[in-house]
Amino acid sequence: QVPLAESGGGLVQPGGSLNISCVASTSIFAIVAMAWYRQSPGKERELVAQISHQGDTNYADFVKGRFIVSRDNTKNTVYLQLNSLKPEDTAVYYCHSPFHNTWGQGTQVTVSS
């Protein structure tokens, strides 16, 4: 098991922005892909964004043009910048390491006026 620790969630108004981050406690962070998922009440967990170890990114259609995934391999950290937030973006956001098949505890993002 590789510990993943998310932080940065919170309450934001529609149209606002938020940055969340995830620190991975692994010595091989720099050579593994990372991903962000989210889960809303009553819905299945869904993929939001992926980033390869080299920084190539992939986004779900519902966040393209609004969210940005990035990483800092010197800090073992992956980030998700959430822009132009909508109420339907409200969810628990999870960090995931596909290689290690591990998940963080999640961070709550609530978009509401």
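Leaving aside neighbours within four places in sequence, which residues is S52 in contact with? We'll get to that one below, once the ground rules are out of the way.

## What you're looking at

This is a predicted model, where local features need pLDDT of at least 70, side-chain atom pairs count only at pLDDT 80 or more, and totals for chains, interfaces and linings use all residues. Residues are numbered from 1 along each chain as its sequence is written, and side-chain values use heavy atoms, with hydrogens and water left out.

## The overall build

The chain has zero helices and eleven strands. Here, helices (H or I, at least four residues) and strands (E, at least two) are DSSP runs numbered from the N terminus. Read from that end, the elements go β-β-β-β-β-β-β-β-β-β-β.

As for dimensions, the C-alpha trace spans about 40 × 25 × 20 Å along its principal axes. The radius of gyration of the chain is 13 Å, which agrees with the value near 13 Å that a compact globule of 113 residues would have. That radius is taken over C-alpha atoms, and the globule rule is 2.2 Å times the number of residues to the power 0.38.

Of the 113 residues, 43% count as buried. Buried means under 20% relative accessible area, exposed means over 50%, and partly exposed is in between (1.4 Å probe, protein chains only). The chain exposes about 5900 Å², with carbon and sulfur atoms supplying 49% of that area. These areas come from the Shrake-Rupley method with a 1.4 Å probe, and for residues only the protein chains shown count as cover.

## The disulfide

A search of the whole structure turns up one disulfide, meaning a pair of cysteine sulfur atoms within 2.5 Å. C22 and C95 are the partners, at 2.1 Å from S to S. C22 sits in strand β3 (residues 18–24) and C95 in strand β9 (residues 91–97), so the bond ties together parts that are 73 residues apart in sequence.

The torsion about the S-S bond is about -80°, so this disulfide is left-handed. C22 is buried at 0% relative accessibility, and C95 is buried too, with a relative accessible area of 0%.

## Rings and a charge

There is one aromatic pair. Rings of Phe, Tyr and Trp (its six-membered ring) pair if their centres lie within 6.5 Å; planes under 30 degrees apart count as stacked, over 60 as edge-to-face and the rest as tilted. Y37 and W103 make up the edge-to-face pair, 4.9 Å centre to centre with 70° between the planes. Y37 belongs to strand β4 (residues 34–39) and W103 to strand β10 (residues 102–103), 66 residues apart.

W103 is partly exposed, at 33% relative accessible area. R45 lies over its face, at 4.6 Å from the ring centre. R45 also lies over the face of Y94, at 3.7 Å from the ring centre. The rule for a charge over a ring is that NZ of Lys or CZ of Arg is within 6 Å of the ring centre and within 35 degrees of the ring normal.

## Two loop residues

Back to S52, in the loop between β5 (46–51) and β6 (57–59). Leaving aside neighbours within four places in sequence, S52 is in contact with A33 and R71. S52 is buried, with a relative accessible area of 18%.

P87 is in the loop between β8 (77–82) and β9 and is partly exposed at 46%. Not counting residues up to four places away in sequence, P87 touches P14 and V111.

Definitions and conventions: Contact means heavy atoms within 4.5 Å.
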